[in-house]
Amino acid sequence: MHDDRLFDEKIAATYDDDKGISAPQVIEPAVDLLAELAGGGRALEFAIGTGRIALPLARKGVQVEGIELSRPMVSRLRAKERGAEISVAIGDMVTTDVARRFSLVYLVFNTINNLTSQDAQLACFRNAAAHLEPGGHFLIEVGVPPLQRLPVGETILAFDHGETHWGVDEYDVVNQNFSSHHIWLRDGSYERFSVPFRYAWPAEFDLMARLAGLRLKERWGGWKKELFTQVSDKHVSVWQKVEG
């Protein structure tokens with residue numbers, strides 16, 4: 001199973017150009033924490049993409065595998081140094097089974113939100129748990145829904161406004177969905193790209209984890225283990241598979 005519609009060749013070709021997700025100061029703390037959680041065991045990345053996290057994690061000595069829905073994203077991974085050495089199953093992170101067990105499964109940069117129903121997100125947690133060894137860890141990095149910033153009755157929040165890129169999120173607070181709209185100015189013309197998402201609060205993810213046989217171990221406000229507070233704009237959460 002594959003789906004290149006959202007993350008097609010055009011998106012894959014420029015995905016790593018975003019310094020907000022690809023700069024060394026962003027990548028290094030994430031890789032350090034993931035290597036610590038892997039504890040010398042194997043790691044599985046759901047939605048491995050272009051390998052921006054998996055490749056530096058592999059360079060730290062962690063045996064990394066991946067699952068990815070988009071073939072163009074995997075092609076970008078394969079084109080990088082040592083990218084061909086990483087095993088990637090083409091498929092979705094809800095149902096794909098790589099038939100091995102890992103000490104760490106991880107899912108970064110809001111990708112859990114790409115699953116646009118509660119059932120799909122819960123199934124993702126269950127798939128992660130099924131791939132974990134007893135005592136293994138499942139980690140996600142995801143934003144905290146910024147609904148406190150929405151004036152009553154409003155649905156639009158801007159998240160970027162520069163000379164060549166504009167971004168706005170459009171919220172459906174009744175159904176817990178939102179869409180991110182991007183507009184780029186490239187070579188004198190405008191390009192638009194929109195992605196549907198589903199947001200969830202940390203407590204809802206904790207319940208999904210419990211239903212999947214996982215228990216919360218840690219929750220931080222960032223990759224450097226910052227304290228998670230009422231003003232944190234994201235969380236890095238770790239659940240552990242219950243032994244026995």
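Predicted model: local features only at pLDDT ≥ 70, side-chain atom pairs only at ≥ 80, totals over all residues.
Arg-100 is partly exposed, with 31% of its relative accessible area left open, and I start with this residue because its side chain meets that of Glu-65 in a salt bridge, 2.7 Å from N to O. Arg-100 sits in the loop between strand 3 and strand 4 while Glu-65 belongs to strand 2, so the pair ties together parts that are 35 residues apart in sequence. Strand 2 is mostly covered, as five of its five residues are buried. Which residues lie on each side of strand 2? Val-64, Gly-66 and Glu-68 are on one side, Glu-65 and Ile-67 are on the other, and both faces are covered.

The neighbours of strand 2 come next. Strand 1, residues 43-46, runs parallel to strand 2 and is joined to it by four bridges, and Leu-44 is the residue that stands opposite Glu-65. Strand 1, helix 4 and strand 2 together make a β-α-β unit that is right-handed. Strand 2 also pairs with strand 3, again in the parallel sense and over four bridges, and here Glu-68 has Ile-90 of strand 3 as its bridge partner.

Let me return to the charged pairs. The structure holds nine salt bridges, and one of them joins the side chains of Asp-32 and Lys-60 at 3.1 Å, N to O. Asp-32 is in helix 3, residues 24-38, whereas Lys-60 is in the loop between helix 4 and strand 2, and the two are 28 residues apart. Asp-32 counts as partly exposed at 40% relative accessibility, and Lys-60 is likewise partly exposed, with a relative accessible area of 48%.

Another salt bridge brings together the side chains of Asp-206 and Arg-219, at 2.6 Å from N to O. Asp-206 lies in helix 7 and Arg-219 in strand 10, so that positions 13 residues apart are linked. Are these two residues buried or exposed? Both Asp-206 and Arg-219 are buried.

Asp-206 leads us to helix 7 as a whole, which spans residues 202-211 and whose buried residues are Pro-202, Glu-204, Phe-205, Asp-206, Met-208 and Ala-209. Against which elements do the buried residues of helix 7 pack? They pack against helix 6 (118-131), strand 5 (132-143), strand 9 (189-198), strand 10 (214-220) and strand 11 (234-241). Just after helix 7, Gly-213 takes a positive phi of about 85°.

Ala-99 has a positive phi of about 65°, and its place is in the loop between strand 3 (87-90) and strand 4 (102-107). Ala-99 counts as exposed, at 60% relative accessibility. Asn-110 has a positive phi too, near 70°, and lies in the loop between strand 4 and helix 6. With a relative accessibility of 28%, Asn-110 counts as partly exposed.

I finish with the aromatic rings. The count comes to 12 aromatic pairs, and one of them, formed by Phe-125 and Trp-239, is edge-to-face, with 5.1 Å between the centres and 70° between the planes. Phe-125 lies in helix 6 and Trp-239 in strand 11, which puts the partners 114 residues apart, and both Phe-125 and Trp-239 are buried. Which residues share one aromatic cluster? The cluster is formed by Phe-46, Phe-125, Phe-138, Phe-205 and Trp-239; among these, Phe-205 is also one of the buried residues of helix 7.

Two arginines sit over aromatic rings as well. Arg-52 lies over the face of Phe-109, at 5.5 Å from the ring centre, and the charged end of Arg-186 sits over the ring of Trp-184, 4.6 Å from its centre.

Methods
Residues numbered from 1 in each chain as written. Heavy atoms only, no water. Buried < 20%, exposed > 50% of the residue type's maximum accessible area, 1.4 Å probe, protein only. Contact = heavy atoms within 4.5 Å. Salt bridge = Lys/Arg side-chain N within 4 Å of Asp/Glu carboxyl O. Pairing = 2+ DSSP bridges. Right-handed = clockwise from strand over helix to strand, strands pointing away. Phe/Tyr/Trp six-rings, centres within 6.5 Å; stacked < 30°, edge-to-face > 60°. Lys NZ or Arg CZ within 6 Å of the ring centre and 35° of its normal.
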